[in-house]
Amino acid sequence: MLPCCLLCNRRIQQHSRWMLTAPESSVKRATAGVTGNWTKTSGGEHPSTTYYLQVEFQAARSNGAMFNVGAEMMVQDATYTKALEARQLQVAYVVESERNFEAISDLEIKGDAKSFVNRVLAAAAVCFGTVGLALGVASGPAMGCYVGYAPLVVLILAGFVVGQFVIFPLLRAMSKALANITVTPSSSSAANVLGASA
């Protein structure tokens with residue numbers, strides 16, 4: 001489980017840094033207007049709050065065509081507060097794939113290797129990894145058989161693969177499906193197309 005979480009978190013960091021540093025031919029930025037906001041609080045002894053923004057922005061494709069993008073996106077609490085004050089939000093989106101966009105401030109938080117979440121995962125990896133390695137080394141001589149290490153090694157490797165290539169794409173697909181994203185050609189693009197065909 002821990003290798004899976006570590007690799008998934010690493011993919012999130014890599015993707016966030018790519019969105020922030022990719023050339024404009026691959027990733028563009030836009031200012032999104034905030035048209036709505038709400039929060040959801042889960043119950044229990046330790047309730048947690050999830051923050052949502054309804055945003056709209058225009059995305060430009062490589063051929064100059066403009067598209068209107070609307071979505072209901074989940075954001076970090078700091079991003080939520082700043083967006084409500086300014087009533088707008090800076091976003092980065094993938095060219096030719098406007099549905100793949102995120103708030104720039106969220107990307108900066110996710111891509112920060114020194115963030116609280118990343119530090120907790122790193123500390124957990126060191127702690128549990130050290131304990132697991134010590135128990136594994138000690139159990140081999142005691143049992144007199146090292147073949148039992150094989151399932152453990154396979155399980156760890158499988159966790160790395162699943163975290164890197166399965167969980168991360170699945171999480172992104174689920175987040176986009178829940179965001180109710182709409183992409184429609186803008187009126188200016190439609191007029192340009194009609195003018196060119198006339």
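Two residues are said to be in contact when heavy atoms of one lie within 4.5 Å of the other's. With that in hand, let us look around this predicted model, in which residues are numbered from 1 along each chain as its sequence is written. Local features need pLDDT of at least 70 and side-chain atom pairs count only at pLDDT 80 or more, while totals for chains, interfaces and linings use all residues; side-chain values use heavy atoms, with hydrogens and water left out.

## Starting at K28

Strands here are DSSP runs of E with at least two residues, helices are runs of H or I with at least four, and both are numbered from the N terminus. Which residues does K28 touch, leaving aside its neighbours within four places in sequence? They are A60, V91, A92, Y93 and V95.

Is K28 buried or exposed? K28 is buried, with a relative accessible area of 18%. In these terms, buried means under 20% relative accessible area, exposed means over 50%, and partly exposed is in between, using a 1.4 Å probe and protein chains only.

## How the strands pair

Strand β1 has two partners to meet here. Two strands pair if DSSP finds at least two bridges between them. β1 and β4 run antiparallel and share seven bridges, and within β4 the residue opposite R29 is A92. β1 and β2 are also antiparallel, with eight bridges; W38 has Y52 of β2 as its bridge partner.

## Salt bridges

Side chains of opposite charge can pair when their charged atoms come close. A salt bridge is counted when a side-chain nitrogen of Lys or Arg is within 4 Å of a carboxyl oxygen of Asp or Glu. How many salt bridges does this rule give? The count is three, and the table sets them out.

| Salt bridge | N to O distance |
|---|---|
| K28 and E24 | 3.6 Å |
| E98 and R61 | 2.5 Å |
| E102 and K110 | 2.9 Å |

In the pair of E98 and R61, E98 belongs to strand β5 (residues 97-103) and R61 to the loop between β2 (49-60) and β3 (66-75), so this bridge ties together parts that are 37 residues apart in sequence. E98 is buried at 4% relative accessible area, whereas R61 is partly exposed at 25%.

The other two pairs can be described in the same terms. E102 is buried at 9%, and K110 is partly exposed at 29%.

## The nonpolar cores

In soluble globular proteins, nonpolar side chains tend to be buried together. Here, a nonpolar core is a set of buried Ala, Val, Leu, Ile, Met, Phe, Trp, Tyr and Cys residues joined through side-chain atoms within 4.5 Å. The largest such core has 21 residues, and the members that touch the most others are L53, V55, F57, M73, L89 and F101. At least two residues come from each of β1 (27-41), β2, β3, α2 (77-86), β4 and β5. Which of these elements gives the most to the core? That is β2, with five residues.

M73 shows what such a setting looks like: not counting residues up to four places away in sequence, M73 touches Y51, Y52, L53, V55, L89, F101, E102 and A103. There is also a second, separate core of seven residues, and M19, A92, V94 and L107 are among them.

## Loops and surface

E96 is not a glycine, yet has a positive phi of about 75°. E96 lies in the loop between β4 (88-94) and β5 and is partly exposed, with a relative accessible area of 41%. N180, also a residue other than glycine, has a positive phi near 50°. The place of N180 is the loop between α5 (149-178) and β6 (182-185), where N180 is partly exposed at 47%.

Finally, L170, L171 and M174 form a nonpolar surface patch with about 270 Å² of accessible area together. Patches are made of residues with over 30% relative accessible area and no salt bridge, with nonpolar side chains (Val, Leu, Ile, Met, Phe, Trp, Tyr) joined within 5 Å and like charges within 9 Å. The areas come from the Shrake-Rupley method with a 1.4 Å probe; for residues, only the protein chains shown count as cover. M174 is part of helix α5 and is partly exposed at 44% relative accessibility.
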